[in-house]
Amino acid sequence: MRPSSLTRLIRAKARELGFELVGAIPVSRSKTIDVYNSWLKKGYAGSMTYLERHAELKEDPRRLLPETMSLLALGFNYKTVDPSEKVNNPDIGCISRYAWGDDYHELIRSKLLVLENYLCQELNAGNISRSFVDSGPVLERELAQRAGLGWIGKHSNLINWKKGSWFFLAELLVDVPLEADLPFTRVDCGTCTICIEACPTDAIIADRTLDARLCISYLTIELKGAIPVELRPKMDNLIFGCDICQEVCPWNREAPKSPEPGLRPRPENVSPQLVDLMKLDQTAFRQRFRNSPIKRTKRRGFLRNVAVALGNWAHVDAIPALSLGLFDEEALVRAHSAWALGRISDLQAKTKLEEAKLTETDPEVLREIEAALGVFEIL
């Protein structure tokens, strides 16, 4: 089959499966690998050491699949509804919109498998393929730009000039030639710096350069240990991910909505009460976030985030929930609950901290308790 005919058929199938953005390119060495390696050497990846381990593989897709001749770059829209106005309330947890529904990894992997079977079995046009969605060692934004899907915005996300930036990126490596798309060469952010100015932690340190160590998405998901004390007050009520840089982007004003039923928001994930989330034990956490991206943080990481949000609310009504956290089985939860109680100017909070100090044995938690009690001495 001619590459043009094959590309037309597989493009149509991809769109039928829900991929709104589709582009093809011949396989080649990465054009930005040196920039990426420099970013790693500066420490901007934080504790994500796996990125450095996989750096050599990202240099060329053929290191993953030697037979690769072409690569299909794909974008799957995850914008469903707009956030509830309730998330502006400090007692409500704010969760990134991509995590409102089912786990996108499983959802999109199933669609990629259908696409692979269509190419190799129904069309009998290839023998070997490999696909990824936000998990493979490939420089997906570079590949998407080279395939004509859009440009990399100042917030470092891919932007499509018609559809915005609410997209999961996926890739399909194939051992057949495809008709190549032209790269997207314009950069249409212009002089706009809204995303840079809106970032509460100043994580966008330069045009298209992100210091992950400061990014709230990293802090609430990728970081497994304690959140730096100086960054906690800047996180407000964000408990899983952050959409701020995309919410303010002018290119998202007219972004279309995704019709995918699997991404339909679960009501309990759109605007949850923070005090209710602190009551989740391990069983309740697993049940509530079954087949959800939120399970990635594990219970201890999620309740750590909730404790920080409750500390930023700093209301006396948060004391009972934080008292639960102060005696949680996880030291990470206890430590951040202690910090949060120290933010509440009320005798009840001080009393709970003094009680916990009598029985606490973990050195890090004790340091947080001492620091929190020190705040009351100053008041």
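Q: Where is N124 found?
A: In this predicted model, N124 sits in the loop between α4 (104-122) and β4 (129-133).

Q: Why does N124 count as exposed?
A: Its relative accessibility comes out at 63%.

Q: What phi does N124 have, although it is not a glycine?
A: A positive one, of about 50°.

Q: What makes S156 count as buried?
A: S156 has 8% relative accessibility. Buried means under 20%, so S156 counts as buried. As for its place, S156 is in the loop between β5 (151-152) and β6 (158-159). S156 isn't a glycine either, and has a positive phi of about 80°.

Q: How do you know that α12 is largely enclosed by the rest of the structure?
A: Look at its residues: 14 of the 16 are buried, so the rest of the structure largely encloses α12.

Q: What span is expected for helix α12, and how far does the helix reach?
A: At 1.5 Å a residue, 22 Å is expected for α12 (residues 298-313). The expected span takes 1.5 Å times one less than the number of residues, and α12 has 16 of them. From first C-alpha to last, the helix reaches 23 Å, close to that expectation.

Q: What comes just after α12?
A: A314, with a positive phi of about 55°.

Q: Why does R299 count as buried?
A: R299, which lies in helix α12, has a relative accessibility of 7%. With the cut-off for buried at under 20%, R299 counts as buried.

Q: What makes the pairing of the R299 and D328 side chains a polar contact?
A: The distance is one part of it: 2.5 Å joins these side chains, and a polar contact needs N or O atoms within 3.5 Å, one able to donate a hydrogen and the other to accept it. Beyond four places away in sequence, R299 touches D328 along with L280, D281, Q282, F285, E329 and E330.

Q: Why does A338 count as buried?
A: The relative accessibility of A338 is 0%. That value is under 20%, the limit for buried, so A338 counts as buried. A338 belongs to helix α14 (residues 331-341).

Q: Which residues does A338 touch, leaving out those up to four places away in sequence?
A: They are L326, L353, E368, I369 and A372. Here a touch means heavy atoms within 4.5 Å.

Q: How far apart are A338 and R367 in sequence and in space?
A: They are 29 residues apart along the chain, with 9.4 Å from C-alpha to C-alpha.

Key
Residues numbered from 1 in each chain as written. Predicted model: local features only at pLDDT ≥ 70, side-chain atom pairs only at ≥ 80, totals over all residues. Heavy atoms only, no water. Helix = DSSP H or I, 4+ residues; strand = E, 2+ residues; numbered from the N terminus. Buried < 20%, exposed > 50% of the residue type's maximum accessible area, 1.4 Å probe, protein only.
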